[in-house]
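Hello,

Here is the structure I promised to pass on to you. Please open it first, and then read my notes below.

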Amino acid sequence: YGYAFTGISHRQNTLTGFVCEDSGRINILCAHGDTTSPLSPYAPLSVSDMESAGFTYCALAHVHRAPQMVEGDTTVAYSGFLLGQGFDETGNGTAVSVAVEDMGEKAVAKAERVVFEGAAYEIVSVDVDGAKNDGETAEIARKAVEKAGLYLVKEKDLDKLAESAADAYLDYPLHNWLANGK
């Protein structure tokens, strides 16, 4: 099962009253929605609606800094992000690895958050009170970033940043397992 919205917003809870056709099967939902507020303009939905509908696993998108995963009769998890899109998404990116097992009368989904280390946006506070001009301010900031073990990204370095994120993904065992046809 799956849905997304194609406009600027979608204020209805698409799952209200919905029930999966066959509760004896593994039922997976892929949806773009927001569980953080019932008043969200971005396809609000609730964990209780997903559970009542009979889903085994709900793979959600919209919230990049994912709230805690919910595991129970229905496992609910936001996919996360591999690489932040800006300084509002700092730190290492994450994704979710999910295994669904048919237990006879019931299927169980187990989810694990995977951290992608490498390229990331970070914010560093720097005391520049002693700087006498813009050049000194820039030098103090550069040294603080260097001391923190971070890297200032210049426009010409964006290709290296994208390559670093791709390398982190390719190094993850699940990708290698899938790529080798397992």
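This is a predicted model: local features need pLDDT of at least 70, side-chain atom pairs count only at pLDDT 80 or more; totals for chains, interfaces and linings use all residues.

Residues are numbered from 1 along each chain as its sequence is written, and side-chain values use heavy atoms, with hydrogens and water left out.

The strand β1 and strand β2 (residues 28-32) run parallel and are joined by two bridges. Both belong to an open, parallel sheet of four strands, in the order β1-β2-β3-β4. Two strands pair here if DSSP finds at least two bridges between them. Helices (H or I, at least four residues) and strands (E, at least two) are DSSP runs, numbered from the N terminus. β1 (2-3) and β4 (75-78) are the edge strands with a single partner each, so one side of each has no neighbour in the sheet. For the protein as a whole, there are four helices and six strands, following the pattern β-β-α-β-β-β-β-α-α-α along the sequence.

Next, the interior. Of the 182 residues, 29% count as buried, meaning under 20% relative accessible area, with exposed over 50% and partly exposed in between (1.4 Å probe, protein chains only). The largest nonpolar core has 16 residues, and Y3, L15, L29, M50, F55, C58 and L60 have the most contacts inside it. Such a core is a set of buried Ala, Val, Leu, Ile, Met, Phe, Trp, Tyr and Cys residues joined through side-chain atoms within 4.5 Å. Two or more residues each come from β2, α1 (47-53), β3 (57-61) and β4. Another core, of six residues, lies apart from it and includes Y57, M69, A77 and A109.

Which residues does F55 touch, leaving aside its neighbours within four places in sequence? Among them are Y1, L15, F18, N27, I28 and M50, where contact means heavy atoms within 4.5 Å.

N27 deserves a look too: this residue sits in the loop between β1 and β2 and is buried, with a relative accessible area of 4%. Beyond its neighbours within four places in sequence, the contacts of N27 include Y1, C20, D22 and G54.

I28, by contrast, is placed in strand β2 and counts as partly exposed, at 32% relative accessibility.

Enjoy exploring!

Best wishes
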